[in-house]
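Open the model in a viewer and keep the selection panel at hand. The stops below say what to select and what is found there.

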2 protein chains.
Amino acid sequence: MKKLPDISQDVSQWYNEVVYKAELAEQSPVRGCIVIRPYGWALWENIKSVLDARIKETGHKNASFPLLIPESFMKREAKHVEGFAPELAIVTVAGGKELEEPLVIRPTSETIVHYMFAKWIKSWRDLPLKINQWANVVRWEMRTRPFLRTTEFFWQEGHTAHTSKEEAHEEALLMLDEYVKLAQDYLAIPVIAGEKSATERFAGADATYTFEGIMMDGKALQMGTSHMLSRNFAKSFEIEYQNKEGVLENPYLTSWGVTTRLIGAVIMTHGDQKGIIMPPRVAPIQIVIIPIYRKGSEEVVREAVQELYSKLSKKYRVELDEDDSKSPGAKFYEWELKGVPLRIEVGPRDVENKSVMVGNRVTGEKTPLELDGIDAAVGGMLEAMHTELFDRAQKRLKDHWKHEAKLDTFGPAMDKDAGAYQTGWCGEIACEDKLKPFKGSIRCVLKNKSFDSCFACDKNSERDVLVAKSY
Amino acid sequence: MKKLPDISQDVSQWYNEVVYKAELAEQSPVRGCIVIRPYGWALWENIKSVLDARIKETGHKNASFPLLIPESFMKREAKHVEGFAPELAIVTVAGGKELEEPLVIRPTSETIVHYMFAKWIKSWRDLPLKINQWANVVRWEMRTRPFLRTTEFFWQEGHTAHTSKEEAHEEALLMLDEYVKLAQDYLAIPVIAGEKSATERFAGADATYTFEGIMMDGKALQMGTSHMLSRNFAKSFEIEYQNKEGVLENPYLTSWGVTTRLIGAVIMTHGDQKGIIMPPRVAPIQIVIIPIYRKGSEEVVREAVQELYSKLSKKYRVELDEDDSKSPGAKFYEWELKGVPLRIEVGPRDVENKSVMVGNRVTGEKTPLELDGIDAAVGGMLEAMHTELFDRAQKRLKDHWKHEAKLDTFGPAMDKDAGAYQTGWCGEIACEDKLKPFKGSIRCVLKNKSFDSCFACDKNSERDVLVAKSY
């Protein structure tokens with residue numbers, strides 16, 4: 001097989017090839033859509049199952065809203081239609097006839113969810129209403145990249161309604177916090193959370209919170225967002241309830257989502273020249289067992305690997321690679337490419353010594369391990385790998401993260417070598433726009449204040465911002 | 001709340017109302033599409049999780065194929081396009097422009113899956129290839145009913161490729177068998193499995209296997225199908241592999257699916273005048289705990305129900321209904337409507353006696369149960385309810401199931417009172433067509449042979465068929 005492009009020279013090209021070679025996805029015949037292959041989909045299923053449990057534990061219920069939305073719904077909230085109109089895929093013919101009103105494939109479901117909310121919310125007793133949906137959505141993007149930006153993608157979208165602004169705000173921040181935990185505790189990706197500037201807000205939100213990862217090339221990736229929606233949504237869809245005093249009020253709404261882009265973030269954060277590295281807690285395969293046959297002892301080895309497989313697969317996600325058309329070397333290459341955290345090799349001498357050789361995909365080390373007590377030992381190794389991956393990414397994040405007072409200084413550096421720049425900002429779009437020639441943007445507004453003035457003018461800066469190039 | 005329509009008089013009207021009143025679904029503003037509400041979606045999630053585990057255990061892997069399919073793909077297999085063309089929803093505009101080639105929203109994914117199979121299958125070593133996808137599909141149906149027939153619905157679609165016809169055939173039957181087990185062992189629905197007649201086959205299949213439930217009004221409901229596809233699919237999509245002798249061959253293909261229609265089957269099989277009845281093994285809520293407060297002892301009861309809740313929810317799906325705006329009577333009514341299998345009432349005297357009162361949704365009985373050992377006791381009750389539900393449905397199936405030699409006899413009866421008729425058939429469409437005036441159809445061809453001649457002519461009958469009206 002052809003080698004992967006040099007990751008230290010061209011991460012972007014490396015990414016484009018590794019996605020297909022590791023069999024995570026495949027290009028489809030439909031523009032901008034990918035086929036997510038079993039290995040990629042299993043990663044998504046694992047991420048989904050972790051997050052779904054948290055969504056339910058925090059009091060949300062899953063439901064399902066239609067894929068198709070009447071075109072007129074999209075137009076009810078002025079900023080929303082402005083934001084999404086250029087990206088819509090529109091059904092004009094169905095059942096052999098031209099439709100009276102075209103239907104759009106949901107680019108996001110606020111409009112149809114709020115239409116239903118208006119039916120369900122009558123009294124303060126119906127609030128808070130906390131709904132989530134796992135779904136596919138379609139946005140006709142101009143430039144697409146597998147997982148990072150595709151025409152159809154998969155996500156969860158939470159939609160909630162509350163009696164007070166404070167409660168809605170807490171909800172938006174709570175879910176942002178859940179996302180940050182998912183990224184850090186399961187994907188082993190350190191992230192920076194903050195608020196989007198007005199320019200980068202969700203179409204129709206009063207505030208958008210984001211969490212951004214800094215990829216290995218120093219570019220930022222928006223990994224998910226949580227929105228405090230404008231009151232216009234509740235008003236446009238006539239969502240009204242009687243408060244405790246019997247007065248009609250509009251509730252406060254939030255929405256929040258993460259997508260299959262998280263798979264892209266995993267690849268872009270943890271990969272190396274050999275391929276991708278799966279974070280152990282969500283890895284589709286945590287351990288691969290490879291038998292090393294020598295003439296005359298095939299049966300002994302076969303029995304040993306099968307016993308080991310049935311022992312370990314009770315606790316871990318294990319693959320036993322018994323494909324006899326491939327050499328052990330070819331198998332090592334393939335499973336390293338696919339980023340399986342642990343590789344266990346079992347040869348006749350290992351069987352004799354009641355031990356095995358374990359290869360660590362993160363450190364590259366090979367360690368002998370006694371068969372006795374191996375199930376606990378590999379558990380410890382997987383946990384250590386999670387920490388190692390996180391620390392490694394954290395270190396790189398710190399290397400990329402610089403404090404700079406003025407665009408004159410960091411602009412050219414950012415343009416050339418990417419990187420994340422913490423700086424001051426006056427809050428005005430005119431200054432924000434000055435980042436464009438350097439291909440940067442404000443990724444988020446932080447809580448800190450370490451600069452007195454804006455990166456581009458002499459006006460005061462209230463809070464720091466994080467500036468970077470982005471995917 | 002208004003009473004449900006009389007189920008013994010008009011099941012159909014009862015069904016239409018109970019679906020909404022029990023908050024399983026709600027009509028949406030999009031023609032033929034429903035919103036599946038949390039209570040309905042939780043049932044689907046439970047069904048999905050049972051079946052998904054079986055699909056994986058039988059060696060299939062989940063993946064994801066695009067929602068949108070180039071229109072030309074649909075036309076490659078002649079019978080396939082003929083079957084689906086009238087039902088297609090078509091995207092003609094996207095990203096603000098008319099598309100050069102329109103895209104159809106998948107009504108089923110054979111065409112795009114086979115296009116990808118052609119890329120993945122090169123050698124006999126790549127076979128069998130066994131893929132499954134959980135997805136939404138759209139078919140522009142003329143008459144829709146919540147869950148039973150909706151424009152958009154949810155399903156899993158399995159797609160496999162094999163080197164031999166026998167192996168493919170085994171696969172199609174294996175998955176049919178898994179479906180039958182799902183229906184009987186989890187949904188408590190007895191079913192009849194068999195082969196579809198040529199008229200009722202999937203568009204482009206050589207053989208379609210089906211499993212049919214007989215609903216409480218004696219009408220049949222096709223609950224899912226498994227297909228042995230025609231070789232045309234493999235040929236049209238140029239799926240070719242080198243066999244062990246190095247010769248290029250087309251593989252044999254299957255596909256199989258069950259949908260959110262299963263929810264409709266559950267409602268139509270187990271409901272009664274009080275509402276739906278959830279089969280205990282997949283019930284979203286298996287047990288509801290209702291505190292009965294008396295003045296002065298509120299605190300004692302509150303503590304007791306909370307303790308009971310935390311005990312039982314470790315093992316079961318439990319809801320504690322502490323809504324103090326509703327009387328216990330109103331709560332009983334609501335949870336009966338929603339079909340929660342067990343209701344546990346806890347009042348001050350129960351707390352004193354260290355016992356509770358348990359209501360059984362299937363039998364309607366109320367039994368006192370000691371708090372000591374209650375977690376095992378309710379487990380036993382839930383299992384008994386599953387059996388009771390299945391037996392009840394089985395008995396009704398037998399009541400509806402008659403053996404009749406000639407259409408002259410059973411035709412008018414079927415037209416008037418529905419029912420399932422096992423009879424002989426010569427295999428010819430002309431005779432099959434004679435069922436139409438009586439609103440019946442051949443639901444499936446059975447393995448038995450208990451009649452010498454056809455129900456409509458004097459020609460020989462090789463195998464029995466099951467004839468019924470259907471949903």
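This is a predicted model: local features need pLDDT of at least 70, side-chain atom pairs count only at pLDDT 80 or more; totals for chains, interfaces and linings use all residues.

Residues are numbered from 1 along each chain as its sequence is written, and chains are lettered from A and ligands numbered from 1 in the order in which they are written.

Strand 5 of chain A and strand 5 (residues 89-94) of chain B run antiparallel and are joined by five bridges. Two strands pair if DSSP finds at least two bridges between them. Helices (H or I, at least four residues) and strands (E, at least two) are DSSP runs, numbered from the N terminus.

Next, select the whole contact between the chains. How many residues does it take from chain A and from chain B? It takes 40 residues from chain A and 40 residues from chain B, where two residues are in contact if their C-beta atoms, placed from the backbone, lie within 7 Å. Elements of chain A that each supply at least two residues to this side include helix 2 (38-57), strand 6 (97-105), helix 5 (110-120) and strand 7 (129-138). Strand 5 of chain A gives the most, with six residues. Coloured by class, the side of chain A that touches chain B shows 25 nonpolar, eight polar and seven charged residues. Here Ala, Val, Leu, Ile, Met, Phe, Trp, Tyr, Cys and Pro count as nonpolar, Asp, Glu, Lys and Arg as charged, and the others, Gly among them, as polar.

Now superpose the chains. A rotation of 180° with 0.0 Å of shift along its axis places chain A on chain B, with an RMSD of 0.0 Å. The two copies are therefore related as by a two-fold rotation axis. To find the axis, select A:Val91, the residue of chain A that comes closest to it, at 2.1 Å (C-alpha). The same surface serves both copies, as 100% of the contact residues of chain A recur in chain B.

The C-alpha atoms of chain A fill a box of roughly 85 × 55 × 45 Å along the principal axes. Colour chain A by domain: domain 1 is 11-270, domain 2 is 287-384 and domain 3 is 400-468, with bounds from an automatic or database domain assignment. The centres of domain 2 and domain 3 of chain A, taken over C-alpha atoms, are separated by 49 Å.

Stay in chain A and select A:Arg145, in the loop between strand 7 and strand 8 (152-162). A residue is buried if 20 or more other C-beta atoms lie within 10 Å of its own, exposed if 12 or fewer, and partly exposed in between, with C-beta atoms placed from the backbone.

End in chain B with B:Lys402, in strand 20 (residues 401-403). With 15 C-beta neighbours inside 10 Å, B:Lys402 also counts as partly exposed. Leaving out residues up to four places away in sequence, B:Lys402 touches B:Phe410, B:Gly419 and B:Tyr421.

Note on methods:
Copies are superposed by least squares on the C-alpha atoms of residues with pLDDT of at least 70 in both.
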